[in-house]
Amino acid sequence: MTAANSHRTILAVWRIEQPRLITSLARMLRDVPLAEDLTQEALVAALERWPETGVPERPGAWLMATAKRRALDHLRRRQMLDRKHEMIALDMEEEQQAMPDLDAALDDDIGDELLRLVFTACHPLISREARVALALRMICGLTTEEIARAFLLPEATIAQRIVRAKRTLSESGLAYETPRGEELAQRLASVLEVVYLIFNEGYTAARGEDWLRPQLCNEALRMGRVLTSVAPNEPEAHALLALMELNASRTAARTDADGEPILLLEQNRALWDQLQIRRGLRALAHARDLGGAGGAYALQAAIVACHAEAHTADVTNWSRIAGLYGELAAVVPSPIVELNRAVALGMVEGPEAGLEIMDQLAHEPALKAYHLVQSVRGDLLHKLARFEEARSAFEEAATLAGNQRERDLLSRRAAEAAALSSQK
């Protein structure tokens, strides 16, 4: 294996194992930033050794063992007088003696530990914007670039938020816990947002060569299901689960055998998971029963439900979808919501109506580098047979897209528009 291939393999393993490593070390050390630092040290050790020795049979177990050794060394080196730290070191030594099979321990499910860590990161002492960014970066393994894309903000802004949040978390000695009662209510909205953004990154990856990251979607779904038990009377918890279930039901139809994206209206709906659709619709009904029909996640779930209930693309209730986007815009004003409303309105009243909204969004700062703006514009122009303008829009969208699969799709659409333009 070449050094380049070895590094790619290590980073691929790292993306998978990082949340487990940080979760386990944070539980042991009661210090989330320290857990992240030691996890990073384990990565450096892998980058130094694996190119020479080869990737271990169980790379996650190797990383865990290395991180634990670094943790013990850290506690001993500082010669802490604090009794809590002495007890942590003893507990870790006893755990290593009692459970020498780290491979088996690592292969167990995360359980609720990752969600507990997300709750810790979403403490009220940290600003709401920073809570979400911290949890996504440090705990869930998303890059600063991926988080910036989700918030439509510069990477530098997100990086500053994360640094400030880590400092607060470290200096305040915040507890590693799942809060109850009023404390849970204070953090729940941020936790739901973290889970939502994790799912979104898995549903359409911001960068890389794969359009989907199923592991992230599955982890978000798992945490979403747990949250409905942690907060059974919170309608938005059930609504978020509904939104994720309904979106995930289309997974098998969203890419072809080669991993290339298939757009919604072109998907084979026979491949949609009907069991998952039923679960999503039940969760949405439960959210409505709890009085949450007008919540942000409930409205988004209702939009996806319109697609799920349409057996063919032709019978999609686009009028209702456009109306729901209007309601959503009133609840959470956002240029992204308006962008989606432009698509729906274009389906109801024609492409010109969609372009009118697009013209209003043309100078929106948050959308300046957002590739889907030009993608939507290109689609609307294509429907109007304005193929040369469509080509230009698709090409610009392709240059802005960070994901290779999405970039290739947009390039193909630009080529198709160019071919049609030449025939006119």
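Me: Which helices do the buried residues of H18 pack against?
Reply: Start with the terms: helices here are DSSP runs of H or I with at least four residues, while strands are runs of E with at least two, and both are numbered from the N terminus. Buried means under 20% relative accessible area, exposed means over 50%, and partly exposed lies in between, using a 1.4 Å probe and protein chains only. Contact means heavy atoms within 4.5 Å. In this case, the buried residues of H18 pack against helix H8 (144-151), H16, H17, helix H19 (387-400) and helix H20 (404-423). Those buried residues include Val373, Val376, Leu380 and Leu381.

Me: What should I keep in mind about the model itself?
Reply: This is a predicted model, where local features need pLDDT of at least 70 and side-chain atom pairs count only at pLDDT 80 or more, while totals for chains, interfaces and linings use all residues. Residues are numbered from 1 along each chain as its sequence is written, and side-chain values use heavy atoms, leaving out hydrogens and water.

Me: How many helices and strands does the chain have?
Reply: The chain has 20 helices and 0 strands. Buried residues make up 50% of its 424 residues. Among contacts between residues at least 6 apart in sequence, 65% join residues at least 24 apart.

Me: What covers the buried residues of H16?
Reply: The cover includes helix H15 (318-331), helix H17 (351-361) and helix H18 (371-383). Among the buried residues of H16 are Pro335, Leu339 and Leu345. Just after H16, Gly350 takes a positive phi of about 110°.

Me: How do I read a salt bridge?
Reply: Side chains of opposite charge can pair when their charged atoms come close. The test used here is a side-chain nitrogen of Lys or Arg within 4 Å of a carboxyl oxygen of Asp or Glu. A search of the whole structure finds 17 salt bridges. Glu338 is buried, whereas Arg341 is partly exposed at 22%.

Me: Which residue does Lys383 pair with?
Reply: Lys383 forms a salt bridge with Asp379, the closest N and O atoms being 3.4 Å apart. Being 4 residues apart in helix H18, the two are separated by about one helical turn. Lys383 is partly exposed, with a relative accessible area of 44%, and Asp379 is partly exposed at 21%.

Me: Which residues make up the nonpolar surface patch?
Reply: Patches are made of residues with over 30% relative accessible area and no salt bridge; like charges are joined within 9 Å, and nonpolar side chains (Val, Leu, Ile, Met, Phe, Trp, Tyr) within 5 Å. Here Leu265, Val343, Met347 and Val348 make a nonpolar patch of about 270 Å², with areas from the Shrake-Rupley method and a 1.4 Å probe; for residues, only the protein chains shown count as cover. Leu265 sits in the loop between helix H12 (235-248) and helix H13 (274-289) and counts as partly exposed at 41%.
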